[in-house]
Amino acid sequence: MEFLRSRILPLLSLLASFLLLYIRTSSKPSNSLCSLLPHDEYWILSKRIVTPEGVTSGAVEVKGGTIVSVVEGVQAGELPQGNVVDYGDAVVMPGLVDVHAHLDEPGKEEWEGFSSGTKAAAAGGITTLIDMPLNSVPSTVSEETLRLKVDAAQQKIYVDVGFWGGLVPENAFNKTALEGLLNAGVLGLKSFMCPSGINDFPMTDKNHIKEGLQTLAKYKRPLLVHAELQLDPDSSIELNDGLENPQSYMTYLKTRPTSMEEAAIKELLDVAEDTKLGGTAEGAHLHVVHLSDAQTSLDLIKEAKSRGASLTVETCPHYLAFSAEEIQDGDTRYKCAPPIRDAANKEKLWKALNEEHIDMLSSDHSPSAPELKLLNEGDFLRAWGGISSLQFVLPATWSYGRRYGITLNQLASWWSERPAKLAGQDLKGAIVSGNHADIVVWEPDAEFELDENHYVHHKHRNISAYMGKRLSGKVLATYQNSKKAFPGTVAGCRNHCDKAL
């Protein structure tokens, strides 16, 4: 694929603007695939279009990168002569908005970069992703380091990309620095309540969080928090003086018990309440990332929501797909923090998601160089943590979620509508008139093996816990602002549709 230029798109008002990058792609001839890249105006036809009101048969009219209309019940022959692509029974859904991904550039391109990461996103139906402020070099904790991120992304992205900034001790008490970062374009801030493993992204305490909330309240942007709190030394988990097997996942699980999440969330909610009562952070919003504990931690969140707290929470497909009991000794592809917990906990996560106690899903795509996963040694205590998943999150959610009766509208809510709202993307997340034409087309019943023959766009396919799985839900095409970011075979195509990526 050849790249045209990328540009910065302001999506909020001038005083509260942020940066969202996107790219327009050119096309290559193909006899087998159909793309509407040369056309700014066209129709997408399907018997299953997912709208906020439900699933309908009809057509989506696109013009100049915007959804002009959604016409129910229309047939192909009833549409105006022009550029029409008919996807038959395939699902047409709003593109996924992934609010939690690590792309590691600049500085760690050998882990993952904007090119490979956003290619994988497009191949998985993700049309917007928000990059986390750590795992690149340097971390995104200032206006200057944000500019390095933006510069690194130029000419390399296949989908819309936005950025979170970092709340760390060095900027937490510096209001000028924090406001400079927010004015420069970050969508909100992210902090860790435990060591992040990155030297220039140290953990924050309750005082840092309080200061961050006060600044964020002015901008009406969220604070995202990795909610695990290190236990006091006196109550730390003992590993029998090193006698336990480091190749056993259960050994690693003992080092990050649910009590770490519980303690962090309790402290986080206490700080938020104190700040609100003090009147200094009215309007501040908290977002708990990658919740894994579906018991006391979730109960605390539910209780806070019932009291009217401005609070949301996400979980990730790997917590919903896998359980601790099934992880084989030495398979460090599954190491992440918080950890994957037991099967009973997984069932409770699905129940909470279905009952809307968990608001949304994210990938927490966190790759690394393969050697850091220690795949040959299989040492869970020393291996780098993180699940590589961007390309697989839609089929993974659908494949495992079908057992729990999830619907297409729930998918659109968890993966599109609510994440778009968290990130302040009012024109994304739903197929409605006036929104950006960010659309994924996929076949829910199409099954495929993630084996050596499956093309994977991630930089390092072998580190993903999803490799070797059989999934259903094949992505056929991803449209990004009316341009085709990922090609797919089209059920029917007419009138000048003879180009493809």
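Predicted model: local features only at pLDDT ≥ 70, side-chain atom pairs only at ≥ 80, totals over all residues.
**Group meeting: a walk through the model**

Asp-104 sits in the loop that runs between strand S9 and helix H1.

S9 covers residues 96–101 and H1 covers residues 114–123. Asp-104 is not a glycine, and yet its phi is positive, near 70°. Is Asp-104 buried or exposed? Its relative accessible area is 1%, and since anything under 20% is called buried, Asp-104 is buried. The loop between S9 and H1 also holds Pro-106. The peptide bond leading from Glu-105 to Pro-106 is cis, with an omega near 5°.

Pro-138 belongs to the loop between strand S10, residues 126–131, and helix H2.

That brings us to H2, which spans residues 143–153. Which residues of H2 are buried? They are Thr-145, Leu-146, Lys-149, Val-150, Ala-152 and Ala-153. Looking down the helix axis, these buried residues fall within an arc of 165°, so they line one face of H2. As background, an α-helix has 3.6 residues a turn, so residues three or four places apart point the same way. Just after H2 comes Gln-155, which has a positive phi of about 70°.

Next, the salt bridges. How many salt bridges are there? The count is 22. I will go through a few of them.

Lys-305 pairs with Asp-359, and their closest N and O atoms are 2.6 Å apart. Lys-305 is part of helix H8, residues 296–306, while Asp-359 is in the loop between helix H10, residues 343–354, and strand S17, residues 360–361; the pair therefore ties together parts that are 54 residues apart in sequence. On accessibility, Lys-305 is partly exposed at 23%, whereas Asp-359 is buried at 12%.

Another salt bridge joins the side chains of Asp-331 and Arg-333, at 2.8 Å from N to O. Both of these residues are buried.

Lys-351 forms a salt bridge with Glu-355, and the closest N and O atoms are again given as 2.8 Å apart. Glu-355 is partly exposed, with a relative accessible area of 39%. There is also a network: Asp-160, Lys-428 and Asp-438 are joined by salt bridges that share partners.

While we are in that part of the chain, look at Glu-356, in the loop between H10 and S17. Glu-356 is not a glycine but has a positive phi of about 70°. Its relative accessibility is 49%, which counts as partly exposed.

Now the largest pocket. How much space lies in it? The volume is about 700 Å³. The lining of the largest pocket is made up of 32 residues, and Pro-195, Ser-196, Tyr-252, Arg-256 and Ala-337 are the ones nearest its centre. Strand S13, residues 189–192, and helix H6, residues 249–255, each contribute at least two residues to the lining. Sorted by class, the lining has 15 nonpolar, 13 polar and four charged residues.

Two more sites and I am done. His-458 is in the loop between strand S18, residues 439–449, and strand S19, residues 470–480. His-458 has 4% relative accessibility and is therefore buried. Which backbone atoms does the side chain of His-458 reach? The backbone nitrogen of Leu-390 is 3.2 Å from a polar atom of the His-458 side chain. The backbone nitrogen of Gln-391 is reached by the side chain of His-458 at 3.0 Å.

Last, Asp-426, in the loop between helix H12, residues 408–422, and S18. Is Asp-426 buried or exposed? Its relative accessibility is 66%, and since the cut-off for exposed is over 50%, Asp-426 counts as exposed. Asp-426 and His-436 are 10 residues apart along the chain, and their C-alpha atoms are separated by 9.5 Å.

Key:
Residues numbered from 1 in each chain as written. Heavy atoms only, no water. Salt bridge = Lys/Arg side-chain N within 4 Å of Asp/Glu carboxyl O. Helix = DSSP H or I, 4+ residues; strand = E, 2+ residues; numbered from the N terminus. Buried < 20%, exposed > 50% of the residue type's maximum accessible area, 1.4 Å probe, protein only. Arc of directions from axis to C-beta. 1 Å grid on protein atoms, 1.4 Å probe; cavity = no way out; pocket = protein on both sides within 12 Å on 5 of 7 lines; lining within 4 Å. Points joined across faces, edges and corners; volume = space filled by probe spheres on them. Nonpolar A, V, L, I, M, F, W, Y, C, P; charged D, E, K, R; others polar. Polar contact = N/O pair within 3.5 Å; in protein donor to acceptor, adjacent residues only side chain to side chain.
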